[in-house]
Amino acid sequence: MMNTFVGSLGHFMVVLAFVSALVSALSYFYYTRASELEKPSWKNFSRITFYIHGFASVSIAICLFEIIYNHRFEYFYAYSHSSTGLPVHYMISSFWEGQEGAFILWIFWNVVLGFVVIHTNKFWEGPVMLVFTLVQAFLVSMILGVVIGDLKIGSSPFMLLRDISEAPIFQINPEFVPEDGTGLNPLLQNIWMVIHPPTLFLGYASTLVPFAFLMAGLGMKRYSEWIRPALPWAIFSAMILGMGIIMGAYWAYVTLNFGGYWNWDPVENAVYVPWLVMVAAIHTMITFKKSSTALKTSIVLVISSFLLVLYATFLVRSGVLGDSSVHSFTDLGLSGQLLIYMFFFLAVALVLAVREWKNIPTSEREASVYSREFWIFIGATTLGLMAFQVIIPTSIPVYNAIIESFGGLSNLAPPADQIGFYTKFQLWFAVALALLTGIGQFFWWNKMDKNDLKNALVMPYIISMVLAAIVITVGKVYDVTYIVIVLAGAFTIVANSTILIKLLKKKTFKLAGGSLAHIGLGMILIGVMFSSGYSDTISINMSGLTYKKDWEDELNKENVLLWINKPLQMKDYEVIYRGRYKKVAGVPGYVKADALEETGEVNEAIALEPIESKGQLYHQKGDTVDLVLQENSYFKVEYYQEDDLKFTLFPMSQPNPTMGLISSPDSKRYLSRDLYTHVSAINDYEEPEWKEDKFIDAAPGEQFFINDFVTQFEGAEVVNEVDGMTLEEGDIAVKAQLTIMDYDVEKKLSPIFLIRGNQVGKVVDIDNDLGIKVEVDNIVPEENKFIFKVNTYQKDYVVMKAAVKPMINLLWLGTIIMLIGFTVAIFRRFDEFQKMKKKGLE
Amino acid sequence: MKRGHIIGLGIIGVAIIIIITSIGDASTYESFSTAKSMAENGNTAAIHVVGELKKDQNGEVVGIEVGEDKTSFTFKMVDNDGTEQQVYYNEPVPADFIRSEQVVVIGTYKTAEMFVADKILMKCPSKYQETDVKTTSS
């Protein structure tokens, strides 16, 4: 049954949200212009329209989720992003897998932020909300889905499948509803993908707040007052964006297969750049509050960070990156709309800033080298240059698009080795930053001259040298570049810790945000250096191939082929692949794939053997069990050291019908390092190509070979029971018992030969691990011989990659400390703003 | 000269260095024939080639040969000028490779016959063009 009501309701809500945003914008505009007498009524009306907008926006989200949650596959969105087998938390991911859902998320966060702004500000509400509602109108237009003539405005998430698909079935039966959707991209079936996009979009949304305050300040000619309310929001924005970036990096590390957390892919760069600029803006804003300098710089940086978020959205969602990014985003034909959105706010910001530029107060005083303003300014500049260095090459596809739109031809491509290219710059900038934070913090808290500085820095300098020396010796860091990084990182940590301790002694934890965030930076720097610089691929060049093409010598094979049960030495570890496993609901650990038979129903299987785990029985033979995502297989890999089993990993892989092989790594986590294991290729389990029949005759007790495996014919017995069959009076069933040896594993196979009257039945036994199928073809009692029919297939294998990532936990710890630092700073700045508000100054 | 000016000049200097190296390190899109002549002239910088996998009349991808140890493979690719070329990739066959409607290989010629890709980017058909809806009707 088709349900068109939800979609219509959703679409109505989109239109309502769009109209109410425009009305609210207009109303807030009049509110800012109105006389004191008329203000209250304008304010009421504006708020009501914004509340309606908020209600409509939330309703859009509810409608879309209803469609996904109830598996309404008549809707394109549910059909292409979800499926019946998905658990609820992944349905949430389905919600924002599509671009429309992502826009809804963004709209939702802006509404939330808008409510907070309305209720925390008196003076600023009008102009700030004017900017907010305009942004909302643009965002809602992206999902409007209105077609006027040839002009398509926005892409609606409430489209019916039959209106989009050209499948012939819809001509025969327009009421056709597919039974299942095509499912969620398996790479997004990860808990981090449930929380990473909302975080990132909250980060995106929150860059609007400082920008809106700035626009309000310029518009109302309050050139410096906007900083106080904007500052806590700017720090909030930087914290949330930073958190979003780190979650994305962590997700990439635990689910993606490039073996790292950061790839300098255009999509990653697009978020990194606005973050850097926002962090720079925070620093100049803080400077301004202390000493009335750097106001113009702050204005430029706040505008840039907001526009860079719009530019990032354009890069990622317009399809312009096309073949330069590994992230595939579908092009919804929104490029034009996204450009208008970006240029509109660019124009607004430029007009306001240029018009008021002369009136913005500046400090004529030249900053002394011994002033904090000087060092912070240098720091902000470094951040700005870092952003510049990333955005210039990332925009190469945009230059090509521009040249081509003027009829030119450009064959410029992004750097071939992205990681090498960006690291070469960012690394040294980061070192500079680390040193600057150390020095900057000392200037910040103390008035310094030459001698004071020397005295203050001597101790931290010595301690950090000692610390660095220890790290370098213990970590065996012998590369000059890396030594510099360790020194810089250690200096930041020590210098900022010194400040932190001083502050804590005075019991002013409130002020500790800066030093905490900087300590985090130092740890991140050292963590990145170790985990990336000293990442050791232990599976490298282990294949032991005898034949190689000459030019292959210089190529490193990072993957290794592991045959089942066959041990392979990889550096310090002996590794054995033990077969394919599945996850069964309610059973801890993993269950051997051969012990389960899928029923054809979604996520359902029948146990072919009793399912046990750690001595406890969970399911009887013949039970129907629930699989946790039936497509996912887990490949058991054992790691031995000196014949002791050290640990077992289960990297995941899923042969996806639309996306090919999708793999997620599994890592052994130690405090000081991770051992990362990732599957790159697997056997074909769906359609095994059995080789030709082979016939072997053997007497009980004899040994023979099946495909190189030593096989012992233990004997045969007459049995009274045969699985899946009822024996009748007079039937004779003979079970042959074979033991197949493969390294340290013995496999039992027992094919059955059945005689009923003058008919013969054969029950085959298959071992999928070894790729062996055996049946008893005949029995020759006179010679006491059995004739076995044997088919063989590829023995099970897995191709994998393994790497040791030292000190990666230091990176994660550093990011957490940095985020805590940001949080402390937000509280402090918001507190200041609240106090001023109470005094009636804002 | 004031200190501010020196800093300003320094910033401009760094910015110029950044732009120059960005252009210098930028790769280029080439065809197999231009890539080959570059390699013959001793230019071993990695370049991008855009094209498609070779297909037979039925639209089936042909020419993929997986290495003996399954950790590498070669495939036949046709660039936008129609030149066919065998490409080697030192990784197992990536997910979705056969379905990709466009591939970009980044690498160089190692011998006159073999283009070795360091990296492969794939463009896969977007779901919007999908016309075959699974017709197990309800």
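Visitor: Where in chain A does A:K476 sit?
Guide: Helices here are DSSP runs of H or I with at least four residues, strands are E runs of at least two, and both are numbered from the N terminus. A:K476 belongs to the loop between helix 18 (450-475) and helix 19 (480-505) of chain A.

Visitor: Before we go on, what kind of model is this?
Guide: Residues are numbered from 1 along each chain as its sequence is written, with chains lettered from A and ligands numbered from 1 in the order written. Local features need pLDDT of at least 70, side-chain atom pairs count only at pLDDT 80 or more, totals for chains, interfaces and linings use all residues, and the model is predicted.

Visitor: Is A:K476 buried or exposed?
Guide: Buried takes 20 or more other C-beta atoms within 10 Å of a residue's own, exposed 12 or fewer, and partly exposed lies in between, with C-beta atoms placed from the backbone. A:K476 has 7 C-beta neighbours inside 10 Å, so it counts as exposed.

Visitor: What is the phi of A:D708?
Guide: Most residues other than glycine have a negative phi. A:D708 lies in the loop between strand 21 (703-706) and strand 22 (709-719) of chain A. This residue is not a glycine, yet its phi is positive, near 75 degrees.

Visitor: How far apart are the centres of domain 2 of chain A and domain 3 of chain A?
Guide: Domain bounds come from an automatic or database domain assignment, which gives domain 2 as 190-414 and domain 3 as 555-686 + 799-803 in chain A. Taken over C-alpha atoms, the centres of domain 2 of chain A and domain 3 of chain A are separated by 42 Å.
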